[in-house]
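Open the model in your viewer and keep the sequence panel beside it. We will go from the whole chain down to single residues.

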Amino acid sequence: ISKSKKATNLDENFESQVTLSLPSAEEKLENDIVFVLDKSTSVQLENEALEMLKELQAQAKENGAKVKVGVVIFNKEAHKSDFMDLETQYDAIEAAIRENISSGTNLSAGILAGKKMLDEDTQVAAGRKSLVLLSDGITYIFGEKPTAVAWGFENDGSEHSWAGPDHWSLKYGNNEALSKNEWNERLGTIKAQMDNQGDEFDHSYEQGELKPCTPPDEGKKYANSVDKALYLSYETYLEAAKEQYHCYAMPITPLGTASNYEWGMSFMRYLANGKQVSFDSIKNDILYAVDKGSVVKDYMGYVKEDYNFDFDHLDQLTVGGKALSMYQEGNTWYFGDGEPGPQNYRFKVVYDAGNKAETEMFTWYIEEPVSNFAPVQLTYTVKLINPKTADGTYGKYDRDGSQHYEGLYTNQEAVLYPVDSRGNEYRSEEFAKPTVSYVVEHGTPEPGPDPTPTPNPDNNGGGSHGGHGGGSSSGSKK
């Protein structure tokens, strides 16, 4: 999950401002969505996709975010559009999605073209790219240029080598759906057969009857066109997921006689890892970093007999750059609109002094969806309470933890416990760990050198302070 943690270097009071950001403060508010559509995608699904885009368009416009949409429609080869801006080119996107084509089914070419579009846009972070695949899974052609395997088989006493979806039942004896474990085994076998035969029997799909072909009486020993098309589709889809793109496989109900090929739909469910995918869930994944119920636990920096950072005060919490009102009640802060409190707030922070050493921490409760289009940033101040007195340089400044220095961490750890828009809890994720520094000369400590003296966009300044010891805060009540 996109996130960041930044800290200013220690000032003359040995204080540092720390900012937690969801999503990362460094990411541009840009998103790529590529639809990879089977030529037989229904009008109903096209309408649902367009409705999702309208909702994303409204959210992006409100928050100044940018969404680019690409469309790939595949038949025997992939037909792809350029990226189009969702805010200004919606009509062109709709026309691309509704384009009608026919002839052949090359699923791997469609996925390959969609992945390539995402790969080539290097200005957008991988976590902000989505590949949405809609297909019935029935495929028997592969490659950017339509290619098929010359797979020989016997029928009615004659030998044949054309390519088509019936290769599956001709080789395996039926068109039934496979379970996840059966797909794992089947794809493994197909891969071994592909490696063994190489491309010796691959030919242009336009060739008609394919020659030379595999021995007709040994069909089960060779990968045919359906085998290879399915495996290459699986492999390309997996490669897109490994790039950290958000990949969605949505089965579409085959029409007419195509509905007999049950393995196609089960292959799409296999790509989706058995998960039910809807345009509403895709929209939420694109729109939100985390949802209500997510929590961040942040422990102040401490190493026994070396250094100790104390939580000093909260500065502010912003959503999309706009600071929310802050209300303090004891060691709890509420953030919201107007005058927030226990009955009316959007975010909450609870401080726990613990032993003022390794157990000192706070918990940040997220009580609304956090939009990828409007980052939420919590800024607070920590103070080093036991600086050294002997001359020397202590620590090394690393504003965002990217250099992975050791020593003088402002925080021992900050951990996100995420919840998604469906209420699912996910594994915890750690924020980066910034480090700070200071110098002692002739017994006088001073802030350490900043190796990268760039402005801190997370430090908006001017926030009112409310210490955990009962100090005042903006809109606070004692």
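The tour below starts with the overall view and then moves from stop to stop.

**Before you select anything.** This is a predicted model, in which local features need pLDDT of at least 70, side-chain atom pairs count only at pLDDT 80 or more, and totals for chains, interfaces and linings use all residues. Residues are numbered from 1 along each chain as its sequence is written, and side-chain values use heavy atoms, with hydrogens and water left out.

**Whole chain.** Show the C-alpha trace. It fills a box of roughly 95 × 45 × 35 Å along the principal axes. Switch to cartoon: the protein chain has 8 helices and 29 strands. These are DSSP runs numbered from the N terminus, with helices (H or I) of at least four residues and strands (E) of at least two. Of the 478 residues, 51% are buried. Buried means under 20% relative accessible area, exposed means over 50%, and partly exposed lies in between (1.4 Å probe, protein chains only).

**Colour by confidence.** pLDDT is the predictor's confidence in each residue, from 0 to 100. Its mean over the protein chain is 89, and 91% of the residues reach 70 or more. Now select 453-478, where pLDDT stays under 50. Where pLDDT is low, the predicted coordinates should not be read in detail.

**The open sheet.** Select β18, β19, β20, β21, β14, β25 and β26. In that order, these 7 strands form an open sheet with antiparallel pairing. Two strands pair if DSSP finds at least two bridges between them. Which strands sit at the edges? They are β18 (325-329) and β26 (429-430), each pairing on one side only. Zoom in on β25 (residues 411-417), which pairs with β26 over 2 bridges. There V415 stands opposite E430 in β26.

**Helix α8.** Select residues 279-287. Helix α8 is largely enclosed by the rest of the structure, because 7 of its 9 residues are buried. Those are F279, S281, I282, K283, N284, I286 and L287. What do they pack against? Their partners are β3 (30-38), α1 (43-63), β7 (129-135), β12 (246-251), β13 (288-290) and β22 (370-371). A contact here means heavy atoms within 4.5 Å.

**Aromatic rings.** Show W168, Y172, W183, Y231, Y234, Y261, W263, F267 and Y270: they form one aromatic cluster. The structure holds 21 aromatic pairs. Rings of Phe, Tyr and Trp (its six-membered ring) pair if their centres lie within 6.5 Å.

**Lysines over rings.** Pick K348, which lies over the face of Y365 at 4.9 Å from the ring centre. Then pick K68, over the face of F83 at 5.8 Å. A charge sits over a ring if NZ of Lys or CZ of Arg is within 6 Å of the ring centre and within 35 degrees of the ring normal.

Most residues other than glycine have a negative phi, and most peptide bonds are trans. Select F14, in the loop between β1 (4-7) and β2. F14 has a positive phi of about 60 degrees and counts as buried, at 11% relative accessibility. H404 also has a positive phi of about 60 degrees, but H404 is exposed, at 66%. Find H404 in the loop between β24 (392-398) and β25. Next, go to P23, in the loop between β2 (15-22) and β3. The peptide bond from L22 to P23 is cis, with omega near -10 degrees.

**Last stop.** Select K211, in the loop between β11 (202-204) and α6 (225-242). K211 is partly exposed, at 42%.

Terms used. Phe/Tyr/Trp six-rings, centres within 6.5 Å; stacked < 30°, edge-to-face > 60°.
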